Amino acid sequence: DTENILGGDAEEDAKHEAMKQVRIRRGEEIKSKVRSMSVSDLLDMIFGAQQERVSTYKIYENGLSTILLSRDITDYPALCAKVTASFSVLSDTINAAKSSLVEQHKRKDISTVVDQLQKQECDKLNFTAALHLERLRLNNSELGVGNDADERAKKLLKESIQTLQGKISLTVQSINESIDELRCIAVDEEE
């Protein structure tokens with residue numbers, strides 16, 4: 001039994017190491033590609049990745065809504081894994097573009113805006129994850145039999161959900177401002 005368990009661990013370690021090597025190789029390929037891209041092309045790459053983020057958030061929200069309607073939260077971890085992988089790739093893509101902007105084009109001005117964007121997106125993802133947890137908790141609370149304590153808990157959860165929705169809204173405004181700033185830079189690049 002111990003040999004099987006150890007063998008399984010060694011096999012898992014080998015799989016993880018192989019996946020890590022693939023990610024490193026892909027990262028190097030992306031870096032190699034972006035080195036030869038113009039500032040305009042790099043900005044377009046960032047805009048494309050940002051659009052994919054919007055689509056990924058829709059998948060995340062629609063997935064949660066489906067889970068809440070079905071009242072079967074067992075699918076939520078798979079949903080989280082799927083969107084986490086997508087957000088990770090998109091973030092890596094934007095970071096590769098940012099690195100090229102600094103290293104190949106000496107555009108620290110653009111890099112600063114991209115850093116803001118990445119921080120804002122990180123905040124939005126954290127607020128969204130917290131919102132999802134509160135919505136799941138409220139859903140679970142509403143499945144129970146109501147009493148005074150449950151009603152108080154539901155009220156607090158609803159207030160927390162509203163607060164998080166407000167934080168997400170403000171963060172989205174900041175993200176849009178950063179994107180607008182990058183669009184202005186892109187227009188200047190094309191002139």
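The lining of the largest pocket comprises seven nonpolar, three polar and five charged residues. In this classification Ala, Val, Leu, Ile, Met, Phe, Trp, Tyr, Cys and Pro count as nonpolar, Asp, Glu, Lys and Arg as charged, and the others, Gly among them, as polar. The model is predicted, with local features needing pLDDT of at least 70 and side-chain atom pairs counting only at pLDDT 80 or more, while totals for chains, interfaces and linings use all residues. Residues are numbered from 1 along each chain as its sequence is written, and side-chain values use heavy atoms, with hydrogens and water left out.

Rolling a probe the size of a water molecule over the atoms shows where empty space is left. On a 1 Å grid over the protein atoms alone, a pocket is an open set of points where a 1.4 Å probe fits, with protein on both sides within 12 Å along at least five of seven lines, whereas a cavity is a set of points where the probe fits but cannot get out; lining residues have an atom within 4 Å of a point. Grid points are joined across faces, edges and corners, and a volume is the space filled by probe spheres set on the points.

The largest pocket has a volume of about 410 Å³. Its lining is made of 15 residues, and Arg23, Arg26, Gly27, Val89 and Asp92 lie nearest the centre. Two or more lining residues come from each of α1 (2-35) and α3 (76-103), and α1 gives the most, with nine residues. Helices are DSSP runs (H or I, at least four residues), as strands are (E, at least two), numbered from the N terminus.

The second largest pocket has a volume of about 240 Å³. Here 13 residues form the lining, and those nearest the centre are Gln50, Val54, Ile175, Asn176 and Ile179. At least two residues are supplied by each of α2 (39-70), α4 (108-143) and α5 (148-190), with the largest share, six residues, coming from α2. By class, this second lining has six nonpolar, three polar and four charged residues.

Helix α2 also takes part in two helix contacts. Its axis and that of α3 are 9 Å apart, and the two helices pack at an angle of about 170°. That angle makes α2 roughly antiparallel to α3. The contact of α2 with α3 has 19 nonpolar, seven polar and three charged residues. With α4, in turn, α2 packs at an angle of about 5°, the axes being 11 Å apart. The pair α2 and α4 is therefore roughly parallel. Their contact has 14 nonpolar, six polar and five charged residues. Axes are lines fitted to C-alpha atoms, for helices over the stretch in contact, and angles run from 0 to 180 degrees between N-to-C directions. Angles under 35 degrees count as roughly parallel, over 145 as roughly antiparallel, 65 to 115 as roughly perpendicular and the rest as oblique.

In the loop between α2 and α3 is Arg71, which has a positive phi of about 60° although it is not a glycine. Arg71 is partly exposed, with a relative accessible area of 49%. Lys106 belongs to the loop between α3 and α4; this residue, also not a glycine, has a positive phi of about 55°. Lys106 counts as exposed, at 65% relative accessibility. Buried means under 20% relative accessible area, exposed over 50% and partly exposed in between (1.4 Å probe, protein chains only).

Lys98, in helix α3, is buried, with a relative accessible area of 18%. Lys31, in helix α1, is partly exposed at 41%. Lys31 and Ser100 are 69 residues apart in sequence and 7.7 Å apart in space, C-alpha to C-alpha. Glu142, in helix α4, is partly exposed at 39% relative accessibility.

Finally, the cysteines were examined for disulfides (a pair of cysteine sulfur atoms within 2.5 Å), and the count comes to zero. The sulfur of Cys122 is 15 Å from the closest cysteine sulfur, in Cys80, which is too far for a bond. Cys122 is partly exposed, with a relative accessible area of 42%.
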